[in-house]
Amino acid sequence: MGNEDTICSKWIKERAKHPSFGEGKGREDMQRMWNESATTYSDSQYSAISDDIVSALLSEGIVNKDSTILDIGCGTGSFALRFSPHVSKVIGSDSSPKMLERLMDNASERNVNNIEPLLSDCLSIPSDVVCDVAFSSLCPPMNDPESLLSMEAHSKRYCIYVSSANIGNGIEGEVWKALGCDYSYSGYDTTYPFEYLRSIGKDAKLRFFIQRNQSIIPIEECVNRYLRLVSKYRGMNGDMEHTIRDVIASHAKDGNIDLSREMRMGML
């Protein structure tokens, strides 16, 4: 097995530890989850990182006032809305109608008129959609070799890929482990696509951005947060709820849970 195959195999193996794969969730299940989360989705955990990424791309001339950008998996517009004042046009592509609906609502509220919505998953974007920059951030379906390389067909100049690069899975990892599952988000670390691209001769460059988030919340709020998270992937019962409460309680101090963490993202 060559270096390329070894890296690719390791990447796919780690990616398979994500709860959506472990719980056997298919495309329709994930589509429903994204639609359901559209109204409450927030980028507050990485808003400063998003600002820094856009600033870096502008300062280096990768993005400019004449640029057209294809934002793949644009969601509610975390990056599309940030790019829009500085570029000619943004095409926001997403497979979730509800995400695109909220994107356009957000654009309307800000009087932004250079964002064009495109209902499409990452591998079904029409071949004639080609922009100066193909961009994708925190889009789970883009996290495999085929999807990553598909960006090239839609870019005249640059492909920009952003994903989480956090170390460890925190309380969520402990919750899943207590429920008997060896789940992890490590397969979405930007290092995997970086190493893969380098192994096939691509001139990939990787840099990291960090944001420190402070969050201390009451125990019950924290319990409900993780009950909702697990419920996205499987049905809840009394034993599971008790297990989750025990994990949360083990982290309690003065009736609160400290969820403060360093958010780390990588950009290729």
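**Close-up views of a predicted model**

**View 1. Strand β7 pairs with strand β9 (residues 256-258) in the antiparallel sense over 3 bridges.** The structure is a predicted model, in which local features need pLDDT of at least 70 and side-chain atom pairs count only at pLDDT 80 or more, while totals for chains, interfaces and linings use all residues. Residues are numbered from 1 along each chain as its sequence is written, and side-chain values use heavy atoms, with hydrogens and water left out. Strands (E, at least two residues) and helices (H or I, at least four residues) are DSSP runs numbered from the N terminus; two strands pair if DSSP finds at least two bridges between them. Ile217 stands opposite Ile257 of β9. The open sheet has 3 strands in the order β7-β9-β8, with antiparallel pairing. Its edge strands, each pairing on one side only, are β7 (216-218) and β8 (252-253).

**View 2. Helix α8 (residues 170-178) packs against helix α10 (residues 219-231) at an angle of about 60°, with the axes 11 Å apart.** Axes are lines fitted to C-alpha atoms, for helices over the stretch in contact, and angles run from 0 to 180 degrees between N-to-C directions. The angle therefore makes α8 oblique to α10 (under 35 degrees is roughly parallel, over 145 roughly antiparallel, 65 to 115 roughly perpendicular, and the rest oblique). The crossing of α8 and α10 is right-handed (the near helix is turned clockwise from the far one by less than a right angle; anticlockwise is left-handed). Ile171, Glu172, Val175 and Trp176 of α8 meet Tyr226, Leu229 and Val230 of α10, contact meaning heavy atoms within 4.5 Å. These residues comprise 6 nonpolar, no polar and 1 charged (Ala, Val, Leu, Ile, Met, Phe, Trp, Tyr, Cys and Pro count as nonpolar, Asp, Glu, Lys and Arg as charged, and the others, Gly among them, as polar).

**View 3. The axes of helix α1 (residues 3-15) and helix α9 (residues 191-199) come within 9 Å and cross at roughly 160°.** This makes α1 roughly antiparallel to α9. The crossing of α1 past α9 is left-handed. On α1 the contact is made by Asn3, Glu4, Ile7, Cys8, Lys10, Trp11 and Glu14, and on α9 by Tyr192, Pro193, Glu195, Tyr196 and Ser199. By class, the contact of α1 with α9 has 6 nonpolar, 2 polar and 4 charged residues.

**View 4. Ala56 lies in helix α4 (residues 47-59).** Ala56 counts as buried because its relative accessibility is 12% (buried is under 20% relative accessible area, exposed over 50%, and partly exposed in between, with a 1.4 Å probe and protein chains only). Residues up to four places away in sequence not counted, Ala56 touches Arg207 and Phe209.
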